[in-house]
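Morning, everyone. Please bring up the sequence and the model on your screens.

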Amino acid sequence: MNRADLISKYDIPAPRYTSYPTVPYWESDGFDQHIWAKHVGQAFQKSPEISLYLHLPFCEQLCTYCGCNKRITKNHKVETPYLNTLLKEWNIYLEIFGGKPIIKELHLGGGTPTFFTPQNLKYLLESIFSKAIIPEDPDFSIEVHPNYTTKEHLHVLAALGFKRLSAGIQDFDPKVQIAINRVQTFEQTKIVFDEARKAGFTSLNADIIYGLPFQKLESVKGTISKTSVLKPERIAFYSYAHVPWKSKAQRRYSEEDLPSADEKRELYEKGKEMLVAHGYTETGMDHFSLPQDDLYIAMKEGKMHRNFMGYTVQNTGLLIGLGASSISDSTDCFMQNVKEVEEYEKVVNEGRLPVLKGHELTEEDLFIRQHILDLMCRMETSWDASSESESFKEGLEKLEPFIEDNLVVLKEGSLKIKKEGKPFIRNICMCFDARLWRKIPETPIFSKSI
C-alpha cells in the first residue's frame, strides 16, 4: 500500500494523547478537592520537584482556528483580579505541599500570556518564586503572539529565567490570515525572534498549521521557507483540528473552504519534506528540532516526556496547573480546573480548589498510560509477558493492520514503530486505548490524525 493510501486509511478521529485516559473518559463521579489534595500531598512527599503551568486566557482578538479556552477582551482591567486569584490558588497548593516546592519546569500558556503587561507578569512570577526554590537552570517557557509582544516583555521574562519562547505563526499567506483572523507579518515576527535572542532566549519555537481554510501548497511552502530564515530551534507542524461543535468560531467558514483530504495530505507531505531539507529532525509527533535543541537531545537520550503541556524534557511526577481550565497531573491522578473565568475567581476567592473534574488512575490505566507514553516519546515499548492483561492482549490483536501495512514490528514483549509508521502514531496508540474502544463515541470528539 502506498503512502497516500495509508494516510487515507488511517486519517480518522484520534486523541493526541497528552494523557491517558483522555479527558472525555475520566471517571469523575464523587471526585472533589479533598481527593485531589490527597494525591498532590502524596506526590509532593515523594519529591518536591514540580512542573507548573499557568493558564492566562485573555486575548485582544479571536483567532478563529483556535480551540483553546480563551476570553476575548480589550479591557486590561481584568489583569489584576485574575493574577491575584492565581496567587491565591498557588497559596492553597503551598499549604497542601507543607514545604517549598522546587520549580523545575514552568510554562505560561493561553490565550495570549503577553496580553498581560510586563510589570504584571513580573509581579506574578516574582510572587510565585518568592515561595519556591528555583534551580540553577530551570526550564521556563512562554507562548507569545508576535503582534502583542514587546521588547520589554522579552527582557523582563529573560531576566526572570525564561529561555524558551513559542511563537504562533500558523501561515504567512494573507488570504489564510484573514480567514483565521490573525494578520501577522513576517517582519513583525522577525522583530520578536531577533529581540528574543538579544534578550537571552536560547530556544525559539514556531508553530505552523496545515489544513487551514483557503490554504494551498504554495502557502505552506512559502511559510516554511520564511520560517526557516528565522532559524527556530524547534518547529511544531500541526494539523488543523476542525472541531466546530467544540469551537464555535470555526463556524465562520465551512468545510468547503478547507483543503480536501488529498490536498491536506499533500500539504503534510511537502511540509515535512521541506523541514527535513532545512535540517530539522522529526522529534515526536508533529515536532521537528535542530540537533542543538534540548528536545532533540532528550529524544536521543530516551528522556523525552509528554504531558498536558506537550513534549517536554522534564518529568517531575507532579504537574500543577493554575488558572481557569488548567489541568494538573500527580502521576496517579488528573484534575481539571473550572473553565469560566468568573467561576474560577469565585471558587478560589472562597478558599477552595476550583475542581471541575478529575480521575484517579486504576492499575490498568497506569499500565496502559506507560506504554502509550513510551510509544509517543520513544516510538517503542516493552513489557514482561506475564504482565499482559486481557485488555492489553486485545490491544495487541488490534495492531494486526499496522503489522500487515509494515508500520510496526511486534515481537514477544516488545513493539517498535517503524519510520513509515510515525505519521500514524495516534492510531497505533488507539489500539491500547481500552477506555475508548469499550465506549466508542457516537459523534466525533477528537480531531483527525493526519
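On α3, the residues Pro81, Tyr82, Thr85, Leu86, Lys88 and Glu89 meet Val341, Tyr344, Glu345, Val348 and Asn349 of α11. Contact here means heavy atoms within 4.5 Å. Helices are DSSP runs of H or I with at least four residues, strands are runs of E with at least two, and both are numbered from the N terminus. By class, this contact has six nonpolar, two polar and three charged residues. Nonpolar covers Ala, Val, Leu, Ile, Met, Phe, Trp, Tyr, Cys and Pro; charged covers Asp, Glu, Lys and Arg; the others, Gly among them, are polar.

Quick note on the source. This is a predicted model, where local features need pLDDT of at least 70, side-chain atom pairs count only at pLDDT 80 or more, and totals for chains, interfaces and linings use all residues. Residues are numbered from 1 along each chain as its sequence is written, and side-chain values use heavy atoms, with hydrogens and water left out.

Now the geometry. Two packed helices are described by the angle between their axes and the distance between the axes. Axes are lines fitted to C-alpha atoms, for helices over the stretch in contact, and angles run from 0 to 180 degrees between N-to-C directions. How do α3 and α11 cross? Their axes come within 9 Å and cross at roughly 45°. α3 and α11 are therefore oblique to each other. Under 35 degrees counts as roughly parallel, over 145 as roughly antiparallel, 65 to 115 as roughly perpendicular, and the rest as oblique. The crossing of α3 past α11 is left-handed. Left-handed means the near helix is turned anticlockwise from the far one by less than a right angle; clockwise is right-handed.

α3 has another partner. Helix α2 (residues 33-46) packs against α3 (residues 79-97) at about 60°, with the axes 9 Å apart. That makes α2 oblique to α3. This crossing is right-handed. Trp36, Ala37, Val40, Gly41, Phe44 and Gln45 of α2 meet Tyr93, Ile96 and Phe97 of α3. Seven of these contact residues are nonpolar, two are polar and none is charged.

Next, the backbone. A cis peptide bond joins Tyr20 and Pro21, with omega about 0°. Pro21 sits in the loop between α1 and α2. Another cis bond joins Gly110 and Gly111, with omega about 20°. Gly111 is in the loop between β4 and α4. Then look at Asn181: phi is near 60°, a positive value in a residue other than glycine.

How many cavities of 30 Å³ or more does the structure hold? Three. On a 1 Å grid over the protein atoms alone, a cavity is a set of points where a 1.4 Å probe fits but cannot get out, and lining residues have an atom within 4 Å of a point. Points are joined across faces, edges and corners, and the volume is the space filled by probe spheres set on them.

The largest cavity has about 150 Å³. Its lining has 15 residues, with Tyr268, Met285, Asp286, Pro423 and Ser449 nearest the centre.

How values were computed. On a 1 Å grid over the protein atoms alone, a cavity is a set of points where a 1.4 Å probe fits but cannot get out, and a pocket is an open set with protein on both sides within 12 Å along at least five of seven lines; lining residues have an atom within 4 Å of a point.
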